[in-house]
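This briefing covers one protein chain, grouped by topic. Please keep the structure open alongside the text.

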Amino acid sequence: MGSGPLLATRRGQGLLALLCAVAFLDFVDASIVNVALPDIRRDLDFSAQGLQWVPSGYLLTYGGFMMLGGRVADLLGRRRVLLAGTVLIGLSSLVGGLAGDAGVLVAARLAQGLGAALMLPAALSILTTTFREGSDRHRALGVWGGVGGLASAVGVFLGGVLAEGPGWRWVFFVNPIAAALVIPAVIKLIPGDRRRARLADFDAVGGVLVTGGMLLLVFALVEAPDRGWGSGRTIGEIAGAGVLLTAFLINERMVRRPLLPLSIFRLRGLGAADVTGLTAFAGLIAMFFFLTLYLQNVLGYSPIRTGAAYLPLCAGVGIAAGICSQLLARVGTRPVIVVGALLAAGGLYYLSRIPVDGSYLTDLLPGLMIVSFGLGSVFVGVTTAANAGVPADQAGLAAALLNSSQQVGAALGLAIFSAIATARTDHLLAEHATPPAALTAGFQRALLTGCIFLLAAAVIGLRTANAHGEPPQARPEGGSTGSNQEVAGKEVAGQEVAGQEAAGQKAAGRKAAGQEASS
């Protein structure tokens, strides 16, 4: 790659553009379908309960397989996994666009989520291991974070344009076209993989436990608003997910080459960054979901007009991401995260006061613009903090942890806020309030709760590491793909040499004790 900054070269700029295109494709898929749901329901005869699985099916497999996808990318090759995920996204989207009944469309959405779970951590880990110099990595992660926030808003607009224009099926047909462009670019710009681990060393038990636990957890959260949080089935599913995930952690402490090396949590601030992302994402997803319902069901906006309402937010996210990527090197990630979460909380509080006969210019636009600056800041700050100092051979795992936390946050937020909104609306309808007034009151309560979540994210953000774009650290204590035994007072170098054993290097005047088998 040469000795100078990679982003100063055409190859580096092209690679960053490619990886951000992959991120955009994944993030936009989570929101592009929502505006088209009424048309999908009418054409494919979905039941009211079945329709929720069009967005929720994607969320289920996306969150459920994210951890496995990230670690498989580390072990078996990131380009390989990225290509596999892109092919799966393209094919499943084509099937979804051609679907003639509800079952086929839901199955296609489940496959789309699996493809995204392979693509996203592979792409982010390629970014963090390729752009290694401080300033390069800073700018690259800033752009990535901005694209993530931007795609969430653009998806609503694109969904409205496509649903009202060529039809809802084009919401799915755009993905095969995008995949056909991405695949040759991946082959050209990203070097080929060497196999990083023998299949015999793969932690299959851990893979089954973590995937089963995450699938059951997300499924329980998706179904909780309909069944009720106190129902025996909801409680049983959440408890079952807890048992599986606990068994997974026990398994990881015992196996020689764990799927999730627990030593990664010794990286300063990693856990706090992921929890911040989970909490903030829960609140921000609430805004998109409930404001879209408000615009269409209360104010009577068409799909394309609903999408256009988010365009100023898209511009604000882009501006905020550009500013924050420059600020990170000066002030670090912590102030960016905290200020961004507080801004987003203030914007959601403003939006929680929407009236039944609301005006876009006075009741929505100011709040959306405030949220946009907070959204861009949070995405950039959390993405950078969660990847700061991560060893190169665990970059996919760190990316998977971050994105898993965001997807669980989305499912958790929608489950909690939907229950709150529904309870408020049902109560007012029982008191003979008009449907628009009852719906608006429910949306107000949900948005206010989202504001509280973002305030909590700001508090948790104070515990994140104040990263300034540092390059990857040496491997954390205890190793990554080998045993989880602690090596007291010693540090193992984090570089892999395929097919050889890494010799111990000097660190702070001392030699690291053991040797590590290349994974």
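**Core and overview**

Ile 40 touches Val 33, Asp 45, Phe 46, Leu 51, Val 54, Leu 105, Trp 168 and Phe 172, not counting residues up to four places away in sequence; a contact means heavy atoms within 4.5 Å. The model is a predicted one, in which local features need pLDDT of at least 70 and side-chain atom pairs count only at pLDDT 80 or more, while totals for chains, interfaces and linings use all residues. Residues are numbered from 1 along each chain as its sequence is written, and side-chain values use heavy atoms, with hydrogens and water left out.

**Nonpolar cores**

- Ile 40 and Met 287 have the most contacts inside the largest nonpolar core, which has 142 residues.
- Another core, of five residues, lies apart from the largest one and includes Ala 321, Leu 328, Val 336 and Val 380.
- A nonpolar core is a set of buried Ala, Val, Leu, Ile, Met, Phe, Trp, Tyr and Cys residues joined through side-chain atoms within 4.5 Å.
- Buried means under 20% relative accessible area, exposed over 50%, and partly exposed in between, with a 1.4 Å probe and protein chains only.

**Chain totals and confidence**

- The protein chain has 17 helices and four strands; helices (H or I, at least four residues) and strands (E, at least two) are DSSP runs numbered from the N terminus.
- Of the 519 residues of the chain, 55% count as buried.
- Among contacts between residues at least 6 apart in sequence, 81% join residues at least 24 apart.
- The mean pLDDT of the chain is 80, and 86% of its residues reach 70 or more; pLDDT is the predictor's confidence in each residue, from 0 to 100.
- Where pLDDT is low, the predicted coordinates should not be read in detail.

- Leu 44 belongs to helix H2 (residues 37–44) and is buried because its relative accessible area is 7%.
- Leu 44 touches Ala 99, Gly 100, Asp 101, Ala 102, Leu 105, Trp 168 and Arg 169, leaving aside residues up to four places away in sequence.
- Between the C-alpha atoms of Leu 44 and Gly 100 the separation is 6.7 Å, although the two are 56 residues apart along the chain.
- Asp 45 sits in the loop between H2 and helix H3 (48–51) and is exposed, at a relative accessible area of 68%.
- The phi of Asp 45 is positive, about 55°, although Asp 45 is not a glycine.

- His 432 is exposed, with a relative accessible area of 74%.
- Most residues other than glycine have a negative phi.

**Aromatic pairs**

- The whole structure has 10 aromatic pairs; rings of Phe, Tyr and Trp (its six-membered ring) pair if their centres lie within 6.5 Å, and planes under 30 degrees apart count as stacked, over 60 as edge-to-face and the rest as tilted.
- Phe 27 and Phe 379 pair edge-to-face, 6.1 Å centre to centre with 85° between the planes.
- Phe 27 is in helix H1 (residues 10–29) and Phe 379 in helix H15 (residues 360–387), so this pair ties together parts 352 residues apart in sequence.
- Phe 281 and Phe 379 also pair edge-to-face, at 5.8 Å and 70°.
- Phe 281 lies in helix H11 (residues 270–297), so its pair with Phe 379 in H15 ties together parts 98 residues apart in sequence.
- Ring pairs link Phe 27, Phe 281 and Phe 379 into a cluster.
- Phe 281 counts as buried at 8% relative accessibility, and Phe 379 is buried at 6%.

**Other sites**

- Ser 372 is in helix H15 and is buried, with a relative accessible area of 0%.
- Ser 372 touches Leu 313, Gly 316, Val 317 and Ala 320, not counting residues up to four places away in sequence.
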